[in-house]
Amino acid sequence: MEKFEAIVVGAGPAGSAAALGLAKAGVKTLLVERAKAPGQKAMFGGRIYSYPLHALLPEFAKDCPVERYVTRETMCFLAEETALSVAFDAPKLATGVAASFTAYRGKFDAWLAKKAEEAGAMLITGIRVDQVYRRDGKIAGVKADGDIVEADVVVAADGALSQVARSAGLRGEPRPAEYSVGVKETIELPQKVLEERFNLDEGEGAAYVFAGAASGALRGGGFLYTNKTTLSLGLVVSSEDLAVTRTEIGAVQDRFRRHPTIARLTKGGKVLEWSAHLVPELGRAMSPRVYDDGLLLAGDAAGFLLNVGYTFRGVDLAIASGMAAAEAITRARAAGGYTAANLAVYEELLRERQVTTDMATFARAPFYLKNPRLFSVYPKLLNEIAEKVYTIDGTGQRRIAEVALESARSSKVSAVKMLLDLLGGARAM
Ligand SMILES: Cc1cc2nc3c(=O)[nH]c(=O)nc-3n(C[C@H](O)[C@H](O)[C@H](O)COP(=O)(O)OP(=O)(O)OC[C@H]3O[C@@H](n4cnc5c(N)ncnc54)[C@H](O)[C@@H]3O)c2cc1C
């Protein structure tokens, strides 16, 4: 097979962004995808922060397959039968560089891969890369389906379990403590019903995060995003908790779906699709060394995912890191070759693009979010307080502080623990 200067493994957001950047810089690039088409095997919650696209493709909004621009953020604490929500309405969140939009990954990944092809990258699909190929101990391409494809440099953008990074020795075998399980269903609703139910104008979208009874008190949470005529409804739950409590994710999802608040939001909807995927969860703590001689890791393969409870970011970090990888390669090329020393500039570019800086800012978050009280005691407590405050039944109305104190005492969590949890939250989030 012909030789390439760069091979990018995986036509997800990280891989296609890298291939696009490389092709634009005149690097002869092969983009290899194991699925029959980019996006065919992809799964995510549903929202993409647009800022890296403004830099990668300034005209992206013209043909990017956007479903809806998010104009309302809702954080919702679920107890068994009640829900306490905080909603933030801001139409200006739908404009400019801070805009985020909902999308289907099948369409989005295909669109971005096409942009890479149009820029000159060669895309081949239906080929699974098994490992890096070494010549004289140095990475010199990849092995796929028994064939060797040679290249001077490889970008591993093959997702959360990155076979390429493992074969190169940059990542170890996956451990349950490092991953959560994500499940999602796509539920169809007539556009008019959806817009009325979520109080949206055409093109506007809503994003929900659910904590508490959403994950059956296991560590994790739920999400809901509105597309044009469907909802993306799902959960991300600690795989460790599922294993320890011997709970099936399907059972957690059933309960979530039946919660009165969720049942009302999805009423009359038709489930079109169900999917599941692993989510790397430990943030910076599980990010491996991201470059070596002839190799760079980007996106989930490098552990670039940021879940801080109220926002969930992966696709934007994947695109930004793919762009940084392409730039690192072009700089290494100008410096005379793809040695680790020349590719080390990747770390600087990741900081410049705020990928690793944001990961560092929230480095404590994954550990803070391991506290089970956040998913059981506190959402229940907030709902209890709200229920008491809003129950006017002629038996005498009490002040909020009094009600809160009484509920806090009955939660059996000491005041010291609560204070420490609060301080921990302030430092981590
Ligand atoms: C349940 C869930 C909800 C999420 N919600 C959101 C959200 O709302 N917003 C957000 O920004 N992020 C979200 N994420 C995270 C986001 O999906 C990832 O961070 C993002 O997809 C990472 O992009 P990537 O290109 O690095 O990897 P991927 O999207 O996983 O792409 C990797 C690509 O490589 C291909 N591939 C894999 N192995 C090989 C191989 N050996 N050879 C060839 N090709 C290969 C795959 O088929 C795939 O196309 C969510 C994730 C999950 C699981």
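Q: At roughly what angle do the axes of helix H1 and helix H9 cross?
A: This is a predicted model, in which local features need pLDDT of at least 70 and side-chain atom pairs count only at pLDDT 80 or more, while totals for chains, interfaces and linings use all residues. Residues are numbered from 1 along each chain as its sequence is written, and side-chain values use heavy atoms, with hydrogens and water left out. The axes of H1 (residues 13-24) and H9 (residues 315-334), lines fitted to C-alpha atoms over the stretch in contact, come within 7 Å. They cross at roughly 30 degrees.

Q: Are H1 and H9 roughly parallel or roughly antiparallel to each other?
A: Angles under 35 degrees count as roughly parallel and those over 145 as roughly antiparallel, with 65 to 115 roughly perpendicular and the rest oblique. H1 and H9 are therefore roughly parallel.

Q: How are Phe210 and Phe256 paired: stacked or edge-to-face?
A: Rings of Phe, Tyr and Trp (its six-membered ring) pair if their centres lie within 6.5 Å; planes under 30 degrees apart are stacked, over 60 edge-to-face and the rest tilted. The rings of Phe210 and Phe256 lie 5.6 Å apart centre to centre, with 70 degrees between the planes. The pair is edge-to-face.

Q: How many residues apart in sequence are the parts that the pair of Phe210 and Phe256 ties together?
A: Phe210 lies in strand S12 (residues 204-212), whereas Phe256 lies in helix H7 (residues 249-258). The pair therefore ties together parts whose separation in sequence is 46 residues.

Q: Is Phe256 buried or exposed?
A: Buried means under 20% relative accessible area, exposed over 50% and partly exposed in between (1.4 Å probe, protein chains only). Phe256 has 1% relative accessibility, so Phe256 counts as buried.

Key: Axes fitted to C-alpha atoms, helices over the stretch in contact; angles between N-to-C directions. Helix = DSSP H or I, 4+ residues; strand = E, 2+ residues; numbered from the N terminus.
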